[in-house]
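This report covers the salt bridges of the structure shown below.

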Amino acid sequence: MENRNKRPITYMLIFSVFLAIAFHLDKLPHFFSYFIGITFPLLIGAIMAFILNVPMRAIEHRLIKISNEKVRRILALVITCFLAILVLTLVICLLIPQLTETFKNLMPTLKGLINSIEGKLSTIMEDNPSLKNWLNFGGDNKLIDLGGFAQQAISAIGSITGALMNVFVSLVFAIYCLCQKETLARQGRKILYAFIKEQRADKLIYILRISNSTFSNFLSGQCIEVCILGLLFAVSMAIFRMPYIPLVSMLVAVTAFIPVVGAFIGCIVGALFILVDNPLQAVTFVGMFLVLQQIENNLIYPRVV
């Protein structure tokens, strides 16, 4: 009886929303842009909470001896955040020095390539005056517009500030979701049973529980599999005495999180880095990658994930 009384109110609200949209169709794109801008940090925060909930739940089970539930939850959250920051810091500390060193080694090659391209372009322009005039090469145009540069700088600062604010909102929302996950789940169930038939609500909750269990197991297994894959590449590259071992193995491990094409992206980037130092070893790396991918896909991945 209670649901029957709520249905006319729901229909009236839906009709009112459609009526408001019909009278303000010209403002609809602006509204959607504004709505996405507001909800995007919350969506990112929810995704972060879902990911962090996997290790947090395991840590919370380890702290079962602590009788106070709130203390156990806060302690598990602090440990999870600390581990996440530690892993992120470790990745940055491994990648940044290696990337810096790699780009230092690449700069002479890139400078030579750029000079060669500039020389060829100059020759083409001299041989084709009509093309030079069409492209307006050698004109007296100002290369630097101070007013435009200042405007771009202010716009860039605003974008960076907005991005940092979105990151802060996402982190706060993720922490809130992790602290109040049972309450949020209970409120979500109440909303479902209030506006949807009981059988459909039961089915939807069942699907959500299965999805949560499946993705949580996949995420934990994927983390283990990524560590194994990175270690395999590091050991194999050390055996073949290849350069950039920490950088390439870390890149392959991180990009392996991307389904289907992630590992191949890591392979291409790693091969390009090695190609600058030794083209023959780059070919060896690609062959090694194909062999390790077969081992990982057929032996390691099915058993772990």
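A salt bridge here is a side-chain nitrogen of Lys or Arg within 4 Å of a carboxyl oxygen of Asp or Glu. By this rule the count is 3 salt bridges. The model is predicted, so local features need pLDDT of at least 70 and side-chain atom pairs count only at pLDDT 80 or more, while totals for chains, interfaces and linings use all residues. Residues are numbered from 1 along each chain as its sequence is written, and side-chain values use heavy atoms, with hydrogens and water left out.

| Salt bridge | N to O distance |
|---|---|
| Arg-73 with Glu-60 | 2.8 Å |
| Glu-60 with Lys-181 | 3.9 Å |
| Glu-182 with Arg-73 | 2.7 Å |

Salt bridges with shared partners join Glu-60, Arg-73, Lys-181 and Glu-182 into one network.

Helices are DSSP runs (H or I, at least four residues), numbered from the N terminus. Arg-73 forms a salt bridge with Glu-60; Arg-73 is in helix H3 (residues 69-127) and Glu-60 in helix H2 (residues 28-62), 13 residues apart. Glu-60 also pairs with Lys-181. Because Lys-181 lies in helix H6 (residues 181-195) and Glu-60 in helix H2, this pair ties together parts that are 121 residues apart in sequence. Glu-182 pairs with Arg-73; Glu-182 lies in helix H6 and Arg-73 in helix H3, so parts 109 residues apart in sequence are tied together.

Accessibility is classed by relative accessible area: buried is under 20%, exposed over 50% and partly exposed in between (1.4 Å probe, protein chains only). Arg-73, at 8%, counts as buried, and Glu-60 counts as buried at 10%. Lys-181 is partly exposed at 21%, and Glu-182 is partly exposed at 38%.

Notes
Helices (H or I, at least four residues) and strands (E, at least two) are DSSP runs, numbered from the N terminus.
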